[in-house]
Structure formats: structure tokens, C-alpha cells
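Open the model and keep the sequence beside it.

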Amino acid sequence: MRPNTPHAVLTIEDSVFKGGHYNASSTIKDTFYGLIHGLVAGRYISNTDHGPSRFVLRQMLAFYHAALVLGEVERDGRSLSPT
Amino acid sequence: MISMLSNYYPEKAWAHVPDVLTVDGRIGLITLCSFGVLCNVLDFDTYRFPGQRRDEKLSPKKREKLVAHDYNAMTPRDRLHCMRTRALALDLVCWLDWKYEGLDWSELFGCTVGQHCAALYAYKAKAEAQDIEGAPHCTLKAIATQLAGIFYVESSLQRDINRAIQDVLDEVDTEDKSLSVDNIWDSVTLSEKDQDGEYDSSYLMDIYMIITDTRVTRSC
């Protein structure tokens, strides 16, 4: 399911959930809009604030900067970064 | 993250990088740069005093520290990470300007950040009017304060942000204030500029200095 998509979870009996999220480069725009909706509408629209996701997005930006500006990722995928 | 991606998926790392030559790729990249600039503003902990519970009222002394000195629940490590992210976002935009012709990247980035800030402000104003509570202790006034202090006051980006918010305040009806920036991005064909030498990131340190000058001093 894309980010920033209204959704609800419904089960027919008591259940335990396990799930996760990921950020896709192709849907960054919607991820950003979702963050704004989360900040403004909070618990009215969501049951969590997804705190760690903001750290992951900051890391994504650092990755893009390293790949594009610093040239630390070669186009064949090999990293030139020592760490 | 570079290490993680290239160790586990050595052939896939580059596939995660947006293609600047496509409209969707550059809108995604610039949107993430806008997030980089706004990462403090969008963090829930920015609006909370350290240790403050959801329903806890602050004493006047704590409120003074939070409002006047931006002493909030973000950890120093996170705040530094945000400063670094902001610098990287600005550097990425400068690099795009250096690398590709066909678009005025700096101007478009200013418009994008301004539109995002204006939409956030208008959206929060509407939510408050309807008594919809967002992030704990995050008020319209607190958001306005954060948006007014992203860069030093004379910088062109801060002027773009202030102007966009002022436009919202001047409008009676903000119903059409959208987060979408698709309309300001023309479908142009980009080409690489002929450049002598490598891109110079040395002024990145200047950006760091500007950011730390305005943000760290406010947090002390």
C-alpha cells in the first residue's frame, strides 16, 4: 500500500498483528505529505507517530547526497565508501 | 546506510537513487530536500518539553525555556543530525544547480519549501479551528515560531517561507492551499552543464556554520 493512503485494519476476532513499513524512492512525495498529515491531525488519523521513520528519511537524504554529489556509489552499485 | 545497501544488495544500491532526468524523480528528490529543511519542524519532539507527558501542563518557567530558548524533547544527537541533514539538502540543491541546466533549481526549491510551509500553516490553522489535536502540544503558534526560525532572517529561503505564509494569512479562503508542488515543475528536458573541474563542496562548512549559528544558540 502506498504511503498517505487512508486505511483501517479490521479482523473478525481478537488478533495479534506483526507488520512493518518501508520507504520507496518512487513515493517519497506521498511519504512527506503523510508526515505533515500526521503532525497536524495526529491521533485523529493515526495510532502512532512513526518517530523512527523521520530518522530513516534523514538517512535516505544522506544516501542520495553521497551517491549524487560525493559519487560514493558507483552506477554499478559498488560503494566507494569505506564504512 | 550506504554500507548496508551495498553490502547486502551490491548491484541494487544505485537503483534507489532518484533519476533527476525524469519529472517524478526530481520532484521526489526536491521533496526529500524540503523534508531535510523541515525535519525539525516535522518532529513531534520539537513541541514537547523534555519528559513532558501528553496531558501535562508546563510550569511558566519550563514554558519560558521551551518557547524562548527552543529547549525541547529532541535529543542533542537528533538535533545535530537534523542540522547535518539540512546542510546536505541545501548542498544537494546547489549541486543540481551546478550540474544541470534547464531549470532554476534554487528558485524552484524556494517555491517548493515555501509552498510546503504555507500548506502546513494553513492546514494546522484549519485543524485548530475544528479542535483537531495533532502532535501533542503542537499549536499553530508553535509551528509559526518554528517556521520563522529555520534560517537566519535575511536568507532568501527564509524570505520565501515568510512570503508564502504571509500569502496564506492574506487569503480569506485557504481551501485550495495544497501540499502538491507538481504544478510548479515544468516538464523540461535537462542537460548536463559543461563544467571545468569537480563540484566544490568546501562551502558546505559555511552552511554548517550558518545553521549552527542560528539553531544551536537557540537550543542553549
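Begin with Asp131(B), which sits in the loop between helix 5 and helix 6 of chain B. Helices here are DSSP runs (H or I, at least four residues), strands are E runs of at least two, and both are numbered from the N terminus. Asp131(B) is not a glycine, yet its phi is positive, at about 55°. With a relative accessible area of 72%, Asp131(B) is exposed. The cut-offs are these: buried is under 20% relative accessible area, exposed is over 50%, and partly exposed lies in between (1.4 Å probe, protein chains only).

Some ground rules come next. This is a predicted model, in which local features need pLDDT of at least 70, side-chain atom pairs count only at pLDDT 80 or more, and totals for chains, interfaces and linings use all residues. Residues are numbered from 1 along each chain as its sequence is written, chains are lettered from A and ligands numbered from 1 in the order in which they are written, and side-chain values use heavy atoms, with hydrogens and water left out.

Chain A has a residue with a positive phi too. Asn4(A) is not a glycine, and its phi is about 60°. Look for Asn4(A) in the segment before helix 1 of chain A. Its relative accessibility is 36%, so Asn4(A) counts as partly exposed.

Now take chain B as a whole. Its secondary structure comes to eight helices and two strands. From the N terminus the order is α-α-α-α-β-α-α-α-β-α. Of the 220 residues in chain B, 47% are buried. Contact means heavy atoms within 4.5 Å. Among the contacts in chain B with a separation of 6 or more, 75% join residues 24 or more positions apart.

Glu101(B) is partly exposed, at 40% relative accessible area. Its C-alpha atom is 6.2 Å from that of Glu192(B), 91 residues apart along the chain. Leaving aside neighbours within four places in sequence, Glu101(B) touches Thr189(B), Leu190(B), Ser191(B), Glu192(B) and Lys193(B). Gly102(B) belongs to the loop between strand 1 and helix 5 of chain B. Beyond its neighbours within four places in sequence, Gly102(B) is in contact with Val188(B) and Leu190(B).

Helix 5 of chain B comes next. How do helix 5 and helix 6 of chain B pack? Helix 5 (residues 105–129) and helix 6 (residues 140–148) meet at an angle of about 170°, with their axes 9 Å apart. Helix 5 of chain B is therefore roughly antiparallel to helix 6 of chain B. Axes are lines fitted to C-alpha atoms, for helices over the stretch in contact, and angles run from 0 to 180 degrees between N-to-C directions. Angles under 35 degrees count as roughly parallel, over 145 as roughly antiparallel, 65 to 115 as roughly perpendicular, and the rest as oblique. Helix 5 of chain B contributes Cys117(B), Leu120(B), Tyr121(B), Lys124(B), Ala125(B) and Glu128(B) to the contact, and helix 6 of chain B contributes Leu140(B), Ile143(B), Ala144(B) and Leu147(B).

Helix 2 of chain B also meets helix 5 of chain B. Their axes come within 10 Å and cross at roughly 60°. That makes helix 2 of chain B oblique to helix 5 of chain B. Residues of helix 2 of chain B in this contact include Val37(B) and Leu38(B), and those of helix 5 of chain B include His116(B) and Cys117(B).

Finally, the core. A nonpolar core is a set of buried Ala, Val, Leu, Ile, Met, Phe, Trp, Tyr and Cys residues joined through side-chain atoms within 4.5 Å. The largest one has 70 residues, and those with the most contacts inside it are Leu39(A), Leu38(B), Leu92(B), Trp105(B), Phe109(B), Leu120(B) and Leu147(B). Helix 5 of chain B supplies the largest share of this core, 10 residues. Leaving aside neighbours within four places in sequence, Leu38(B) contacts Phe32(A), His116(B), Cys117(B), Leu147(B) and Ile150(B).
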